Amino acid sequence: MTSSPLLQIRDLNVRFHGERTVHAINGLNLSLGHGEMLGLLGESGSGKSVTLKTLLRLLPPKRTMIDGSIEVNGTDIMTLSGKRLSRYRGGDVSMVFQEPALALDPVYTVGEQIAETVMRHRGIGRREAMEVALDMLVKVRIPSPERRLKNYPHEMSGGMRQRAMIALALSCRPKLLLADEPTTALDATVQIQILLLLRELQKEFGMSIIFVTHDIGVAVEIADRVAVMYAGNIVEEGSIHDIIRDPRHPYTRGLLSANLHDVARGTRLEAIPGAPPALNIKPASCQFAPRCAHVMPACTSALPPFVSPGEGRRVACLLERGRELA
Amino acid sequence: MLVYFLRRLLYVCPVALGVSIICFMLVHIAPGDPLTSVMAVDATAQEQAAMRAAYGLDKPLPTQYAIWLGKAVQGDLGKSIASGRPVADEVGRAVKNSLMLAFAASLLAFPIGTSLGFLAGYFRDSWVDRLVMSIAIAGVSLPNYWLGIVLVIIFSVTLGWLPAMGAGAGDWAWDLTHLSHLVLPAVTLAVVPIGIVARTMRALVGEIYSMDFVQALYAKGLEPLDVLRHVIRNVAPTGLSVMGIQLGYLLGGSILIETVFNWPGTGFLLSSAIFQRDLPLLQGTILVLALFFVVLNLAVDVAQAAIDPRIKRS
Ligand SMILES: Nc1ncnc2c1ncn2[C@@H]1O[C@H](COP(=O)(O)OP(=O)(O)OP(=O)(O)O)[C@@H](O)[C@H]1O
Ligand code: SF4
Ligand SMILES: [Mg+2]
């Protein structure tokens, strides 16, 4: 096999129509290799969840305009429909949500919900699927799994529910797991346990993960690479090591200085003065300019192009051009 | 589950007792002398006292209640003042007729209302939704006795297709003649619950579909029909209780319809008992109806607990 990436997003735009138009994703490019763990970072409203939902084609088709291309393992997922779309969802790519209490069906047992997925994707019988479900509960280390299989979500604690959700998401051995702030709703100690579990399972299953978080501490804990999003696009990307040691984009620096001096977990990325843009028009200039301390006239006249300051890194900021010239 | 059922049954006892006290007191609170309608206008004081003693009205209230309750428990609700027949027989027959009418109406209303509500909830804010909601609002707001009269004029008087009055000659039988008597009152009676069930279902379905777990169901690769199955199971407990309550209304709330169609049910019996000041009959009918509500509520609660895992069963 060649080193073709598992996921390749090219020039993705997502726009919502409604009472007002929202340009949620604007020209996003991203690629992800097999077995890679990417942290997706950004303030509230920067488009992290929309990116993940677009990947699973979960956005309401009537109100959503999507263009660009998304390829998973060489398959163009924008053209999937019907049976092929169902097979792709939960099969090749699956998702763990922020609130396990809301993401599980309250009137089905955890075992039934996992088995249902397995039956769908593997075409096996109920009893066999239940055994897979039990296996998965063991894998995510839920204590007394036989009993928990017959539990309803409300009979479990938050951490346990998230473990069950992870078991569900991994039950069909996806190649890519999308984790949308899977630990934000949990206590700090439970958070760590879940992170460790995810990392372990990632190694065991050899899958790739996109891990969305507000929390740089969490990203440091789990990711190989991070992509920082602002106003519906990535503004900086690189290995977690490089980004922490040498953040280039003023927004990334703002995030880090707001949080990283003590890599405190549970702190949220909100300490940059000013508010994110409204996203009611398609961006044509640097969206961070109103909040940027280094803003130059050129910043407000065109979109800053990506510059690569090093191996596997890119930054969209005009300051980089100055550095290059210097 | 059995424990849950027994405990609910235990809760029901004081309610039933309260109901019986209220029914008993009703007669004594009601203005006028219960005996005026049966006594000769020129009865002497002595005759009046004898009559009073015969009906047990001369004893102190608690004693009267104890006697009345003791008999009621054994199925003896006294004799109708107007007809002289046992109240229990009259009420029994009326309850049977009303039940039949209520079930016929439910058989129409619940499937239709549920389907309409699901359609509207699924196609929320589309023309389907607006159409269904217009039907539902019309159903709830049209005075249904008026609708009954209109139906009678169309289908009985003008077209002559269906009978307009009563439950058919002789005892009830499951034949075409008797069933044809059921059609118009059942349809009329079904209109309001169709509207109510459709509206409730629409709200429930819309609410469930907007919940996060539905998106999660799609995310794990389920097809729309599987998701619908999940939605139905989530809607079922609340939907069921709404229908239970509606069934209760259908049983007791059909005085107008039964009167319009001369349907010999409890509503009809109640109104004639009221107009004839037949207090034992009134008392017995109300008691039976009220107990019916209590039992129905119990049944709905238990059924809900049986299908909704979130309700604590122990
Ligand atoms: N279904 C939708 N219809 C209309 N607008 C939407 C929809 N989903 C998201 N948006 C908008 O798209 C933008 C990006 O939202 P998104 O949920 O991706 O943010 P996020 O980065 O995940 O933020 P958070 O950290 O709060 O989860 C927001 O302005 C949001 O209001
Ligand atoms: S492009 Fe200009 S405004 Fe935007 S972040 Fe860089 S320096 Fe600031
Ligand atoms: Mg989000």
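How many residues of chain B are in contact with chain A? In this predicted model, 18 residues of chain B are in contact with 25 residues of chain A, contact meaning heavy atoms within 4.5 Å. The area buried between the two chains is about 2200 Å², and carbon and sulfur atoms give 53% of that area; buried area here is the accessible area (1.4 Å probe) that two parts lose on being put together, summed over both. On the chain B side, B:Lys220, B:Arg233 and B:Pro309 supply 28% of the area buried against chain A, more than any other three residues. The predictor assigns the complex an ipTM of 0.89 and a pTM of 0.83.

Residues are numbered from 1 along each chain as its sequence is written, and chains are lettered from A and ligands numbered from 1 in the order in which they are written. Local features need pLDDT of at least 70, side-chain atom pairs count only at pLDDT 80 or more, and totals for chains, interfaces and linings use all residues, while side-chain values use heavy atoms, with hydrogens and water left out.

Chain B has a mean pLDDT (the predictor's confidence in each residue, from 0 to 100) of 83, and 93% of its residues reach 70 or more. Confidence in chain B is lowest in helix H2 (residues 45–54), with a mean of 76, and highest in helix H8 (residues 212–219), at 94. Chain B contains twelve helices and zero strands, taken as DSSP runs (helices H or I, at least four residues; strands E, at least two) numbered from the N terminus.

Two helix pairs show how chain B is packed. The axes of H7(B) (residues 176–209) and H9(B) (residues 224–252) come within 9 Å and cross at roughly 150 degrees; axes are lines fitted to C-alpha atoms, for helices over the stretch in contact, with angles from 0 to 180 degrees between N-to-C directions. H7(B) is therefore roughly antiparallel to H9(B), a term for angles over 145 degrees. Residues meeting across this pair include B:Leu189 and B:Ile196 from H7(B), and B:Val227 and B:Val231 from H9(B).

In the second pair, H4(B) (residues 87–122) packs against H11(B) (residues 266–275) at about 135 degrees, with the axes 7 Å apart. These two helices are therefore oblique to each other, the class left after under 35 (roughly parallel), over 145 (roughly antiparallel) and 65 to 115 degrees (roughly perpendicular). Here B:Glu90, B:Val91, B:Ala94, B:Val95 and B:Ser98 of H4(B) meet B:Thr266, B:Gly267 and B:Leu269 of H11(B).
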